[in-house]
Amino acid sequence: MLGFLIRAALVALGLWLATDWVSGVSIDTPSTLVLAGILLTLPMTILTLGLFLLVINAGMVALVAWMLPGMHVTTFGAAFWTSILVSLVSFVGSWFVGGKGRFEVIRKRG
């Protein structure tokens, strides 16, 4: 459960960055940001469809924006770039989070 929450926080971080870096995306309140992170994390955890994952994630970003009154995505392009940014932040963050939600430190023995 902790791993899910950490990943949800990473997704929320990616969404927050998208509100600054991607034209057409805005989130009104921190609670909307957290809820969007949780709602986006669950499908991204369950759905692993390979090549279509970014398109599916863009659709999920648009769907979450449609469901949450405080999140606004104006175009599919904005949703697509947001999904790329969220995926990159989640990918980098996952390097530090193990399968059980623990931070992992990799030490190189020399």
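How many helices and strands does the protein chain have? Colour by secondary structure and count 4 helices and 2 strands. Keep in mind that this is a predicted model.

**Stop 1: the whole chain**

Trace the chain along its sequence. The pattern reads α-β-α-α-β-α. Now show the surface. The accessible surface of the protein chain comes to about 7,100 Å². Carbon and sulfur atoms own 72% of that surface. Of the 110 residues, 38% count as buried. Next, turn to contacts between residues at least 6 apart in sequence: 68% of these join residues at least 24 apart.

**Stop 2: the largest nonpolar core**

Select Leu15, Ala36, Leu40, Val64 and Met71. These residues have the most contacts inside the largest nonpolar core, which has 16 residues. Which elements give two or more residues to this core? They are helix 1 (2-21), helix 2 (30-46), helix 3 (53-67) and helix 4 (76-94). Helix 3 supplies the largest share, 5 residues.

Centre on Leu40. Leaving out residues up to four places away in sequence, Leu40 touches Val11, Leu15, Met60, Val61 and Val64.

**Stop 3: Val64**

Go to Val64, in helix 3. Is Val64 buried or exposed? Its relative accessibility is 2%, so Val64 counts as buried; the cut-off for buried is under 20%. Show its contacts, again skipping residues up to four places away in sequence. Val64 touches Ala36, Leu39, Leu40 and Met71. Then draw a distance from Val64 to Leu35. The two residues are 29 apart along the chain, and their C-alpha atoms are separated by 9.0 Å.

**Stop 4: Gly24**

Select Gly24 next. Gly24 sits in the loop between helix 1 and strand 1 (25-27). At 24% relative accessibility, Gly24 counts as partly exposed. Which residues are in contact with Gly24, leaving aside its neighbours within four places in sequence? Look for His72, Val73, Thr74 and Ala78. Now draw a line to Thr75. Gly24 and Thr75 are 51 residues apart along the chain, yet their C-alpha atoms are separated by 6.8 Å.

**Stop 5: along helix 4**

Select residues 76-94, which make up helix 4. Check its length from end to end. With 19 residues at 1.5 Å a residue, helix 4 should span 27 Å. Its end C-alpha atoms are 26 Å apart, which agrees.

Which residues of helix 4 are buried? Highlight Ala78, Ala79, Thr82, Ser83, Ile84, Leu85, Val86, Val89, Ser90 and Gly93. As you look down the axis, remember that an α-helix has 3.6 residues a turn, so residues three or four places apart point the same way.

- **Thr82.** Thr82 is buried, with a relative accessible area of 0%. Leaving aside neighbours within four places in sequence, Thr82 is in contact with Leu15, Ala18, Val22, Val25 and Val61.
- **Ser83.** At 2% relative accessibility, Ser83 counts as buried. Not counting residues up to four places away in sequence, Ser83 touches Leu54, Asn57, Ala58 and Val61.
- **Ser90.** At 15% relative accessibility, Ser90 counts as buried. Its contacts, leaving aside neighbours within four places in sequence, are Leu10 and Val11. Draw a line from Ser90 to Ala12: they are 78 residues apart in sequence and 9.3 Å apart in space, C-alpha to C-alpha.

Val61 is one of the contacts of Thr82 and also one of those of Ser83. Show Val61 alongside both.

**Stop 6: the aromatic cluster**

Finish with Phe76, Phe80 and Trp81, which form one aromatic cluster. The count of aromatic pairs comes to 2. Zoom in on the rings of Phe80 and Trp81. Their centres are 5.8 Å apart and their planes stand at 80°, so the pair is edge-to-face; planes over 60 degrees apart count as such.

Phe80 counts as partly exposed, at 23% relative accessibility. Trp81 counts as exposed, at 52%.

Note on methods
Residues are numbered from 1 along each chain as its sequence is written. This is a predicted model: local features need pLDDT of at least 70, side-chain atom pairs count only at pLDDT 80 or more; totals for chains, interfaces and linings use all residues. Side-chain values use heavy atoms; hydrogens and water are left out. A nonpolar core is a set of buried Ala, Val, Leu, Ile, Met, Phe, Trp, Tyr and Cys residues joined through side-chain atoms within 4.5 Å. Buried means under 20% relative accessible area, exposed over 50%, partly exposed in between (1.4 Å probe, protein chains only). Contact means heavy atoms within 4.5 Å. The expected span of a helix is 1.5 Å times one less than its number of residues. Accessible areas come from the Shrake-Rupley method with a 1.4 Å probe; for residues, only the protein chains shown count as cover. Rings of Phe, Tyr and Trp (its six-membered ring) pair if their centres lie within 6.5 Å; planes under 30 degrees apart count as stacked, over 60 as edge-to-face and the rest as tilted.
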